[in-house]
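Dear colleague,

I am passing on to you the structure we discussed, with its sequence. Please look through it first; my notes on it follow.

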Amino acid sequence: MSARDQRGVPPLTGFRTAESRWARLGPYYAMFPVEFARQVVAAFSEPGDRVLDPFCGRGTAPYVAMVSGRGAAGCDVNPVAWLYAAVKTDPHPSLIEVLGRIEEVARAVQRKDCRPRDEFQTLAFGRRALGFINAARRELQWRTSGLDRTVSALLVHYLHAKLGQGLSNQLRPTRAMCPDYSVRWWRKRGLTTPPDVDPAAFLGARAAWRYAKGVPRYAGCASVALGDAAHMLPHMPASAGLVLTSPPYIGVTNYRADNWLRLWALAEGPARPNWSIDQKFCSAQRYESMLDTVLRVAHSRSREDAVWCLRVDARERTLNVVRRVMTRLLPDYRTYERPSPSPRRTQTRLYGDDRKKPGDVDLVYLHRSRREPTFLRSFRLVRVLARRELDSGYAHAAGT
């Protein structure tokens, strides 16, 4: 059993334990940092408490809560995010069966599966890899089968990555780029021959590494739902003592565009991306309405004195909306804020974008009956917005 602190929270750095190996399953754009979730869970909950994340992404908060002996519940509308979260919290227990299923998919490949549909597929994947992906799209029932779900998670984890680290030509691991941009980028650099990867052998070796330390303790003790949180949360476990989440940022992320290639590999989207801005919440009014609805439902599934911790966009267009919604929701709470510590290497900087980013802000809402823990020493206590400020802010959003 891995070493744990006095609150039962295991270390999750490195790869020496099952908990740490499964913690980072699933490259994902705008990921919730594992160590931040670990610190919050340790500071604001005890073993046996329940932790809720209504926008759980790849499932970091439910996962950290689960391996720490807490009840865990999460929800996300993105099938790729849900797949990662569902598998890391409840991986199929048998490596032998996972390897066998990978071989079954390889044997199901048909000649037509290996034919690229366009120039992007021609340059992105070798014929064997493309054939395996198309067979997987047809064969794997990841919504209903835990075994197929685990194989699908491994496939989309390694679907696109740096050259030699996945099934594709050189691509970003966390975010799928525009096909036309990718083709121009490959041709400019002479990367016109995709790697000839044996997908079954490649994924089998990665599966064996992932399972080498076993599966996480408490695996299967989390509840993770796929769908709109406002509709799914009422059917999930209640009485959360900690709500730990990071809501979408206004006008920043679009899960269908960011994950278009992985969605296609899951047979959830077309072979070319849909650049609709619907998921970007470009309307402040729509965003505030969505956030208010979801967080009120989350509140109904939480204890009256639950701690709320949110990591949000530092841009005022998102931050001010979150402040208003939370102040209306939790009028008897003290509010704490701090600029989120910036990572040493951001995802965008890794790919040449050195522009200064606005960053994030951490918000903690503590019921007035609770004592202030040491975790909040780096935060500042802020003045609660007056009713007239809430009303004027909502009116401004409505007119946006």
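Is R187 buried, partly exposed or exposed, and what is its relative accessible area? R187 has a relative accessible area of 46% and is therefore partly exposed. Please bear in mind throughout that this is a predicted model.

**Salt bridges**

Since R187 belongs to helix α9 (residues 179–188) and E119 to helix α6, the pair ties together parts that lie 68 residues apart in sequence. E119 counts as partly exposed because its relative accessibility is 38%. In general terms, side chains of opposite charge can pair when their charged atoms come close. The count of salt bridges in the model comes to 22.

The side chains of R324 and E288 form a salt bridge at 2.7 Å, N to O. This pair links distant parts of the chain, with R324 in helix α15 (residues 316–329) and E288 in helix α14 (residues 284–300), 36 residues apart. Both R324 and E288 are buried.

The other pair is R338 and D362, whose closest N and O atoms are 3.0 Å apart in a salt bridge. Here R338 lies in strand β6 (residues 333–339) and D362 in strand β7, and the two residues are 24 residues apart. R338 is buried, as is D362.

**Strand β5 and its neighbours**

Strand β5 covers residues 302–313 and is mostly covered, as nine of its 12 residues are buried. Strand β4 (residues 240–245) runs parallel to β5, and five bridges join the two. Within this pairing, A240 stands opposite S302 of β5. Strand β7 (residues 360–367) runs antiparallel to β5 and is joined to β5 by six bridges. In that pairing V312 stands opposite V361 of β7.

**Positive charge on the surface**

R111, K112, R115 and R127 gather on the surface in a patch of positive charge. Of these residues, R115 is placed in the loop between α5 (95–107) and α6 (119–124). R115 counts as partly exposed because its relative accessibility is 48%.

**Backbone angles and a contact across the sequence**

Most residues other than glycine have a negative phi. Y218 is not a glycine, yet its phi is positive, near 75 degrees. Y218 sits in the loop between α10 (199–211) and β3 (222–226), and its relative accessible area of 32% makes it partly exposed. A267, likewise not a glycine, has a positive phi of about 60 degrees. The place of A267 is the loop between α13 (260–265) and α14, and A267 counts as partly exposed at 39% relative accessibility.

Finally, R7 lies in the segment before α1 (18–23). The C-alpha atoms of R7 and S68 are 7.9 Å apart in space, although the two residues are 61 residues apart in sequence. R7 counts as partly exposed because its relative accessibility is 23%, and the buried class requires a value under 20%.

With kind regards

Key: Residues numbered from 1 in each chain as written. Predicted model: local features only at pLDDT ≥ 70, side-chain atom pairs only at ≥ 80, totals over all residues. Heavy atoms only, no water. Patch = residues over 30% accessible without salt bridge, like charges linked within 9 Å, V, L, I, M, F, W, Y side chains within 5 Å. Areas by Shrake-Rupley, 256 points an atom, 1.4 Å probe, with all protein chains shown as cover. Salt bridge = Lys/Arg side-chain N within 4 Å of Asp/Glu carboxyl O. Lys, Arg positive; Asp, Glu negative; His and termini not counted. Charge placed at Lys NZ, Arg CZ, Asp CG, Glu CD. Helix = DSSP H or I, 4+ residues; strand = E, 2+ residues; numbered from the N terminus. Buried < 20%, exposed > 50% of the residue type's maximum accessible area, 1.4 Å probe, protein only. Pairing = 2+ DSSP bridges.
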